[in-house]
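Subject: A structure for you to explore

Hi,

Here is the structure I promised to pass on to you. Have a look around first, and then read my notes below.

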Amino acid sequence: MNETNNIFNRAYRYTRALSRWIKAGRPVRREAEIKRIFETFCNPCEDYDEGTCRYCGCRVNLMQVAPLNKIAMATEECPLAKWDGNTMNTIVEPPRKQMIATRENTVFLTIAAYSDYEAKTEVLCKSAEDHGVSLVFCDTGELWQGFYHHKIERMTKHVKLFQKAGKLFAFIIDCRDVAFIESIDTILKKFNAIYDGRVIFNNDMPTEAWPSCNDFLTQAVADAVDDQYARLNAGAFAGEIETILKIQHLAMALRQEMKEGISRPGILTKIYQDMGTKYLDDDQHLYQLALIDSPQLFQMDCNKELFAVLSAYPKDLREISDDPRRHDVINNAAIIHSPWLSHGQEWHDRVFQNQWER
Ligand code: SF4
């Protein structure tokens, strides 16, 4: 390794590589091409050292997650010219809509936070039943409660099982606080109308979302999706299972990176520092970090065409439903998400009666 190739040079090179890649629209190589380059060139290379290229300092591996693997970034090449960046034919565009979601190919999944989930999720279960949604409860919370990354792991496991069983799409729904307010056919129709191949997430208000906001993170999310107010809420999201699995894999890889204290130049390190270990396990923050890393996988429902998040509203649900000026919050939505839904018995009937229908 070159003597001048110290940590600062490597950090500088990584920053340049990242900005080159972002500028080019974040193109990534296909899985087979990543495998070919890694196995043919990097793995046997004398500069390869346990997942890192000692020459350039970048991480090289088999992962398809571009920022965590130089080979996946289609703008990059070997600093010793063993493999080149001229592989435009291998570039993968952001996912594109190819199929439509139907009752048959879509699964609605939830993981329950508590063993007594039947009582705690009354609103969700009843609203699913009323609107023809066949909802699958995967686990109870003993397996993940208090460790939110476990929630992602458990969900990944179940999503894979449904993929093996032939499902193509999944709606991932928080076990509490969510209610369906349209029929299954309308939900799917609205989803198909806006779906473009990226996983659609709830969009929340920037200042009120749970857990408490990190300003830097909020701003970075808004910048990544090019919307002033966008803030990801993981309470409900939907898309092709294949892309959901990529997002979950990326979220877990980022968690591991934070846990190991791996620092990288740029915005993610700043966010890691600001958040500290306090939010390391929070699934919502992990999805937000994943979005900042790979925005081409995420679509935010900024116009609330599919989901409405009510948590940003200072009044309770009853007041919202009684106030016509607030009906715009859910005018278009098919699914609503709010911490208040299951916290007050008297609101339940209002949800089921769909008081806000036009
Ligand atoms: S990028 Fe090039 S120098 Fe670095 S490990 Fe791979 S083949 Fe070797």
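Let's start with helix α10, where Asp283, Gln284, His285, Leu286, Tyr287, Gln288, Leu289, Ala290, Leu291, Ile292 and Asp293 are buried. A residue counts as buried if 20 or more other C-beta atoms lie within 10 Å of its own, as exposed if 12 or fewer do, and as partly exposed in between, with C-beta atoms placed from the backbone. Because 11 of the 11 residues of α10 are buried, this helix is largely enclosed by the rest of the structure. Its cover includes α5 (148-164), α7 (215-224), β10 (232-240), α8, α9 (267-275) and β11 (298-300). The names follow DSSP runs numbered from the N terminus: helices are H or I runs of at least four residues, and strands are E runs of at least two.

Before going further, two notes on reading the model. Residue numbers start from 1 along each chain as its sequence is written. The model is predicted, and local features need pLDDT of at least 70, side-chain atom pairs count only at pLDDT 80 or more, while totals for chains, interfaces and linings use all residues.

Which residues of α8 meet α10? They are Ile247, Leu250, Ala251, Leu254 and Arg255, and their partners in α10 are Leu286, Tyr287, Leu289, Ala290 and Asp293. Contact here means that the C-beta atoms of two residues, placed from the backbone, lie within 7 Å. Nonpolar covers Ala, Val, Leu, Ile, Met, Phe, Trp, Tyr, Cys and Pro; charged covers Asp, Glu, Lys and Arg; the others, Gly among them, are polar.

Now zoom in on Ile292, which lies in α10. Ile292 is buried, with 21 other C-beta atoms within 10 Å. Leaving out residues up to four places away in sequence, Ile292 touches Ala220, Val221, Ala224, Ile267 and Leu268. Ile292 and Asp223 are 69 residues apart in sequence, yet their C-alpha atoms are 8.5 Å apart in space. In helix α9 you will find Tyr272, which counts as buried with 20 C-beta neighbours inside 10 Å.

Two loop residues are worth a look too. Glu50 sits in the loop between β2 (48-49) and β3 (52-53), and has a positive phi near 45° although it is not a glycine. Is Glu50 buried or exposed? Glu50 is exposed, with 6 other C-beta atoms within 10 Å. Lys304, in the loop between β11 and β12 (307-309), also is not a glycine and has a positive phi of about 50°.

Of the 13 residues around the ligand, Cys42, Cys45, Tyr48, Cys53 and Cys78 come nearest; a residue is near if its C-beta atom, placed from the backbone, lies within 6 Å of the molecule. This shell has 11 nonpolar, no polar and 2 charged residues.

Finally, the whole protein: 12 helices and 13 strands, with buried residues making up 40% of the 358 residues. Its mean pLDDT, the predictor's confidence in each residue from 0 to 100, is 77, and 73% of residues reach 70 or more. Confidence is lowest in strand β4 (residues 91-92), at a mean of 46, and highest in strand β7 (residues 169-173), at 95. Where pLDDT is low, the predicted coordinates should not be read in detail.

Enjoy exploring!
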